[in-house]
Amino acid sequence: MRRVWTWIAVALAAILVLVLAAVIAVPFLVDTPRIQSLIANTASQALGRPVRFSSVSVSVIPRPAVVLRDLEVAEDPKFGKTPFLKLERAEVRLRFWPLLRLRVELGDFVLKEPVISLVQAADGTWNVATLGGPAEAPPARPKGPGGPGPGAAGVIASQVKIEDGVVVYESRTGGEAQRYRVEDLDLTLTPSAGPLGFRGNARVTPGDLVLRISEGTIGLNGSRTVTGAPVRGTVALEGKQVRELVAAALGPEPAIAGGLKGALTLGGTVGKPRAAGEVELTDVTITQRNPQCPDPKRRTLALEPVKLNLTYEDLRVTVRPVTTAIGKGTITTNLVATLGTPMRAELGDLALKAVPLDKVLVDFLCQGYAVTGPLDLTGSAAAQPAALWTTLDGKGRLRVGAGKVVGAQALALLDRVVRLGGALESVLGGELPAGALDSALDYDSITATYTITNGVVSTRDLTLSGRALKATAAGTYALASGAMNVELNVTASRRQLRARVTGTAAAPKIAIAPGSLLREGEQRRIEEGLKDILRKLR
């Protein structure tokens, strides 16, 4: 038994001696000048861009490797002078077992904390489109004995690994450049006789969106350029809070917050990727500060989970359908968003069912003309989210069920119409019934068809029907400024008032049509009475 342990000890000692000898011999085995020339030539030819680094050294601990310092891959001059790739340290690791036989074989190529710049020009072309083309490379040194010959396999014999990388993405397609960052990028590229494999993780900023990439392949064989190579793979998305990411795309107000989770399947090419899959937003809130609200000025609207069946291609996001809910009311639509500056979103087949208006118009928007009741609406809409109230276009039909007029400006308007109407009637010796205003607040329904052009709502048939009052309106209302020009017709207690409402929602101007209250021949009497009333109202 002692002899067995003795032989084991001798074998372990021999292995240890071989390992130590291999490690000690590494600096002598590696021809660093030749490796430097080999890497520079091979990488430049493979990428089609000049590749430079300041020095090459040999590292033994923690594992044998050739270390490159201050590595840079040049940018295409059409896109700027900033390097396409830049990092302080890269390693070409040496395979361990060949070292035991005193041979040098290059293994994984590890890029530590690289900064990679991806740029899309105004015409849609990418700076990576010219990767793989001809490039000027430093003159190669003569081939020496015992080392690997020139070629990609000699430099990247196993895998390329990116550790803690940063990708800076800039799009110039919309005029003003948009910038995003992908941080904490850990990516592994696996060369093979077939497609190039890739997998890894990353985090998109601004925001907190984590990407997990698996089963990725890039079919470089047969493709003339990198951007034309077909890409395949799966991306899992997870974000605890996407407020900052949404703000970067849509602007800071309103603030849209919530968690995100989903999975997308990649397709298309490197230059024109496609993605499709299911995404869900949870705990969604929309928050904005509204000066016209009583304290608190900042109001929040909560949505039920938002489910998206989306497709991305050519800077367009198509979602068919989008589904969510507010309270017991449901919202469904199809969304097409064109990315860039400015971003534009289009909603088709928009359908709202029993959406509680008090939660939206009263609690969230604090609209001066707010009403309550369940809203049913069908139609379409399109706008630039960053300038929603001035770019909104659309059309549709709506119906509000039984509810009440509660907006302060609407109440003031009704009060002025009824009081002015009553004052005019008093000139004729009549009066409106007591409580006409209170009765006007309740209604059985509101219906209308409408169109919206650049944020200005137009209608010809808005109708409010109640037990004590019926009102119809035709005209325009500007969502941003509150400017309006509306013909109003109110019927109450067998009397009819016709008025024109102009000015703004905050300061309306009301002109009662005398013919709505007078019989023929009484025009002059009412004109004189109106002048007296206006003097009293000042």
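A: Happy to. A disulfide here is a pair of cysteine sulfur atoms within 2.5 Å. One thing to keep in mind is that this is a predicted model.

Q: Good. By that rule, how many disulfides does the count come to?

A: The count comes to one disulfide. C293 and C366 form it, with their sulfur atoms 1.9 Å apart.

Q: Are C293 and C366 buried or exposed?

A: Both C293 and C366 are buried.

Q: Changing topic to charges: how many salt bridges does the structure hold?

A: It holds 10 salt bridges. In general, side chains of opposite charge can pair when their charged atoms come close.

Q: Let's take R89. What does R89 form a salt bridge with?

A: R89 pairs with E91, and their closest N and O atoms are 2.8 Å apart. R89 is partly exposed at 22% relative accessibility, whereas E91 is buried, with a relative accessible area of 7%.

Q: What about R203, which residue is its salt-bridge partner?

A: That would be E183, with the closest N and O atoms 3.0 Å apart. This pair links distant parts of the chain, since R203 sits in strand 9 (residues 196–205) and E183 in strand 8 (residues 178–190), 20 residues apart.

Q: Why does E183 count as buried?

A: E183 has 18% relative accessibility, and buried means under 20%, so E183 falls on that side of the cut-off. R203 is partly exposed, with a relative accessible area of 22%.

Q: Nice. On to rings: how many aromatic pairs does the structure hold?

A: Zero aromatic pairs. There is a charge over a ring, though: R49 lies over the face of F84, at 5.5 Å from the ring centre.

Q: Now the strands. Which way do strand 13 and strand 15 run?

A: Strand 13 (residues 273–289) and strand 15 (residues 306–313) run antiparallel, joined by eight bridges. E280 stands opposite K307 in strand 15.

Q: And how many bridges pair strand 15 with strand 16?

A: Six bridges, again in the antiparallel sense, with strand 16 covering residues 316–326. L310 stands opposite V319 in strand 16. The hairpin of these two strands has two residues between them, and D314 takes a positive phi near 50° there.

Q: Last one: is A351 buried or exposed?

A: A351 is buried, with a relative accessible area of 17%. Its place is in strand 18 (residues 344–356).

Q: What is A351 in contact with, leaving aside its neighbours within four places in sequence?

A: A351 is in contact with T330, I331, T332 and L377. A351 and L377 are 26 residues apart in sequence, yet 5.6 Å apart in space, C-alpha to C-alpha.

Definitions and conventions
Residues are numbered from 1 along each chain as its sequence is written. This is a predicted model: local features need pLDDT of at least 70, side-chain atom pairs count only at pLDDT 80 or more; totals for chains, interfaces and linings use all residues. Side-chain values use heavy atoms; hydrogens and water are left out. Two strands pair if DSSP finds at least two bridges between them. Helices (H or I, at least four residues) and strands (E, at least two) are DSSP runs, numbered from the N terminus. Rings of Phe, Tyr and Trp (its six-membered ring) pair if their centres lie within 6.5 Å; planes under 30 degrees apart count as stacked, over 60 as edge-to-face and the rest as tilted. A charge sits over a ring if NZ of Lys or CZ of Arg is within 6 Å of the ring centre and within 35 degrees of the ring normal. Buried means under 20% relative accessible area, exposed over 50%, partly exposed in between (1.4 Å probe, protein chains only). Contact means heavy atoms within 4.5 Å. A salt bridge is a side-chain nitrogen of Lys or Arg within 4 Å of a carboxyl oxygen of Asp or Glu.
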